[in-house]
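Open the model in your viewer and follow the stops below. Each one says what to select and what is there.

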Amino acid sequence: MPKLLIFIGLALLILTVYTVVDCALFERKRVRGLPRWVWIFVIVLVPLIGPLLWLFVGRGRGASPVGRSFRTVAPDDDPEFLRSLNNDKDTRDRLRRLEEELADLDKPDAKKDQDVPKTTDPGEGDQPGRRDS
């Protein structure tokens, strides 16, 4: 009989610790009935009923509402986002102008290279006694 009481007490302790940790780490939006701190007091102060109440009443359901999906979709896979890009003429014109400006920056400017005089000779900035290969 004492071994059974020890086993039941240990099981009750494990259940209590599990439910306290679960309550403390559970999403705030999904806690039902009472504030989180009250649930923790109920779990600790009412030995068997407190943890069971938390598991069956206070803990919100994990299922998402019907018809709503919380799956993350990349922008290039989202049809609504792609439609909004196609309808925005100002954005397309702005992108075209930016691409033209970028292409102009990439073009080599022959005048610029010829007008810049060399101000230093090779090795002029070297420190004396230094051997670089």
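H1 and H2 are roughly antiparallel to each other, because an angle over 145 degrees counts as such. This is a predicted model. Select residues 2-25 for helix H1 and residues 36-45 for helix H2. Their axes come within 10 Å and cross at roughly 180 degrees.

Next, show the side chains where these helices meet. On H1, pick Thr-16, Thr-19, Val-20, Cys-23, Ala-24 and Leu-25. On H2, pick Arg-36, Trp-39, Ile-40, Ile-43 and Val-44. By class, this contact has eight nonpolar, two polar and one charged residues.

Stay on H1 and select Asp-22. Is Asp-22 buried or exposed? Asp-22 counts as buried, because its relative accessibility is 12% and the cut-off is under 20%. Beyond its neighbours within four places in sequence, Asp-22 is in contact with Trp-54 and Arg-59.

Now turn to the rings. The whole structure holds three aromatic pairs. Select Phe-26 and Trp-54: this pair is edge-to-face, with 5.6 Å from centre to centre and 85 degrees between the planes. Phe-26 sits in the loop between H1 and H2, while Trp-54 sits in helix H3 (residues 49-58), 28 residues apart. Phe-26 is buried at 8% relative accessible area. Trp-54 is buried too, at 0%.

Trp-39 lies in H2 and Trp-54 in H3, so the pair ties together parts 15 residues apart in sequence. Trp-39 is buried, with a relative accessible area of 4%.

Finally, select Phe-26, Trp-39 and Trp-54 together: ring pairs link them into a cluster.

Note on methods. Residues numbered from 1 in each chain as written. Predicted model: local features only at pLDDT ≥ 70, side-chain atom pairs only at ≥ 80, totals over all residues. Heavy atoms only, no water. Axes fitted to C-alpha atoms, helices over the stretch in contact; angles between N-to-C directions. Helix = DSSP H or I, 4+ residues; strand = E, 2+ residues; numbered from the N terminus. Parallel < 35°, antiparallel > 145°, perpendicular 65-115°, else oblique. Contact = heavy atoms within 4.5 Å. Nonpolar A, V, L, I, M, F, W, Y, C, P; charged D, E, K, R; others polar. Buried < 20%, exposed > 50% of the residue type's maximum accessible area, 1.4 Å probe, protein only. Phe/Tyr/Trp six-rings, centres within 6.5 Å; stacked < 30°, edge-to-face > 60°.
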